[in-house]
Amino acid sequence: KTTEDPYALREIKDDRVVIGEKYQTYTDSFISLNFPLGWKCLERQGEDGRFICFQDSALGDNCQLFIYLSASIYVYNYTQEDYMAHFTGYCEYEDVVIDAYSKETLQGFPCTKIVYSYTEKNTRFVGIRYDDLIEEPRLYHSTIIYPAAERETYEKEFAAIIESLRFLKATK
């Protein structure tokens, strides 16, 4: 008997995604953001949280923004050295370079931002993470990846997505 994977990444095709003239808008009870026309919006429900993914249809897993949100406040609180160990150990990335590590705010909420590059399957990628963002009672970790060869295009695309991101106040 075949059973469906309860943790599969599934495309969102309901009214949370609204297609406009210049971009698509994703809105749920927690966040809202704009993303490019033609991109996919996917989600995975887990036991400890939810992943929402915004992905270039042409490049798929090689060009995406993943947002993880959880009601469990488990922060990474990684140092730059911890990130390096994570990328080279757990992720098994090659030739990792950390370009920037800083404590910042994203839409007014403190977080850790790290910009890095790495090689995987003979392709150089750029990664940007916004970790440990707490908008009580939720915790957010976000990861952007795209091919380094496409930096000129995708750096602007992802900057626009992050600029449009809004955390919607929790109902208490």
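This is a predicted model: local features need pLDDT of at least 70, side-chain atom pairs count only at pLDDT 80 or more; totals for chains, interfaces and linings use all residues.
Residues are numbered from 1 along each chain as its sequence is written. Local features need pLDDT of at least 70 and side-chain atom pairs pLDDT 80 or more, while totals for chains, interfaces and linings use all residues, and side-chain values use heavy atoms, leaving out hydrogens and water.

**View 1. Gln64 in strand β7.** Gln64 sits in β7, residues 64–70 (strands are DSSP runs of E, at least two residues, and helices runs of H or I, at least four, numbered from the N terminus). With 7% relative accessibility, Gln64 is buried (under 20% relative accessible area; exposed is over 50%, with a 1.4 Å probe and protein chains only). Look beyond four places in sequence and Gln64 is in contact with residues including Cys53, Phe54, Gln55 and Phe158 (contact means heavy atoms within 4.5 Å).

**View 2. Thr105 in strand β8.** Thr105 belongs to β8, residues 94–106. Here we have an exposed residue, since the relative accessible area of Thr105 is 54%. Setting aside residues up to four places away in sequence, Thr105 touches Pro110 and Cys111. Tyr130 is 25 residues from Thr105 in sequence, and their C-alpha atoms are 9.2 Å apart.

**View 3. The two faces of helix α2.** Tyr154, Phe158, Ile161, Ile162 and Ser164 are the buried residues of α2. They lie on the same side of α2, because their arc around the axis is only 165° (taken from the directions from the helix axis to the C-beta atoms). Facing away from that buried side are the exposed Glu152, Lys156 and Glu163. Among the elements covering the buried residues of α2 are β7 and β8.
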